[in-house]
Amino acid sequence: MFTTIEKVYHDQEGHGSALRYDLHMHSLASDGVLEPRALVERVAEAGIDVMALTDHDTTDGVEEAIKAGSEHGIRVIPGAEISVSWMGGLLHILALDIDIYDPTLKQGLELQRARREERAVAIGARLATAGVEGCLEGARTFSSGPSIGRSHFAADLVERGFAKDKAAAFRKYLRPGKPGYVSCQWASLAETVNWIKSAGGRAVIAHPARYSLTMTKMGWLCEEFKALGGDGIEVVSGTHSAHDNTMAAGIARRFDLLASKGSDFHDPRQTWLSFGSLPPLPENLTPVWHDWGHAAMATGRRAGRLG
Ligand code: AMP
Ligand code: MN
Ligand code: MN
Ligand code: MN
């Protein structure tokens, strides 16, 4: 019987059974609906070997997830999903295999959460002006972690009958141009990569097909990201179509970016592909986990600091 770390080495050497990776998931620490422990239990049931917890602008669930992972034989990679303002739009950058105790990263994420808090107050005020009262209080009842977001507003709008589901709540109230939309100045791409590098992690562009960028702009993004020290791109995403995955694989090859894979799991009721059902990475790509024999060991040592 192999331990997970031995399995990672075995896989890397190419003569073991392939490990199953899912490097993008949310818990109640941000806008997921499961406690980190419950999430890890589901991941174990789905047969995933290595998972990353990547909550929005927080690592608060990571310690609990690592503890649960060690009980279930799952290697939990510490992560986060960082909101970035880039060329007037919003990007999500995944931080993978980070030292969650790194002071630079911690300070950066604290700043991001302060921006989220300020934005939440402004969203509540805007919705009240539009005639929907009590949204901030409602959103807070759904946000049990430190990172409040639009998803918590959507949950409240659904519960109180203002929208039939979360997608409708986003469409009617929370998207740009809608009454509850508040623009926000998030971290820059340079700051974000800097925080991730300071914490010894890998920076990965999340779900690239979701930004509606032209190929020209996508090229600028990849070039800038690489020049700043960015590492990879999420090729297979639960929120991508098969065509999107193929497009992202082409970008990874063209810009020599490492390839990642993740479900973007939030909720067992979500409509997109969940963990366990993601396709494998396309051929001719270097996985972001290609050298994680060592990274997994480092992560294990960090976990040891939890006592
Ligand atoms: P925020 O980071 O607070 O601006 O919220 C973004 C999050 O809202 C995403 O990570 C998704 O979890 C969620 N979200 C965005 N659009 C939708 C949608 N159309 N339906 C459901 N959830 C959405
Ligand atoms: Mn989310
Ligand atoms: Mn995202
Ligand atoms: Mn996500």
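**View 1. Along the chain, the donor residues of the manganese ion (ligand 4) follow the spacing H-x1-H-x54-E-x182-D.** Donors here are N, O and S atoms within 2.8 Å of the metal (3.2 Å for Na, K and Ca), and sites may look incomplete because water is not among the atoms. This is a predicted model, in which local features need pLDDT of at least 70, side-chain atom pairs count only at pLDDT 80 or more, and totals for chains, interfaces and linings use all residues. Residues are numbered from 1 along each chain as its sequence is written, ligands are numbered from 1 and chains lettered from A in the order in which they are written, and side-chain values use heavy atoms, leaving out hydrogens and water.

**View 2. His24 (NE2), His26 (NE2), Glu81 (OE) and Asp264 (OD) coordinate the manganese ion (ligand 4) at 2.1 to 2.2 Å.** His24 sits in the loop between strand 1 (21–22) and helix 2 (36–45), and Asp264 in the loop between strand 7 (258–262) and helix 11 (292–304), so the pair ties together parts 240 residues apart in sequence. Helices (H or I, at least four residues) and strands (E, at least two) are DSSP runs, numbered from the N terminus. Both His24 and Asp264 are buried, meaning under 20% relative accessible area with a 1.4 Å probe, protein chains only.

View 3. Asp31 is buried at 14% relative accessible area, and His266 is buried at 12%.

Key
Buried < 20%, exposed > 50% of the residue type's maximum accessible area, 1.4 Å probe, protein only.
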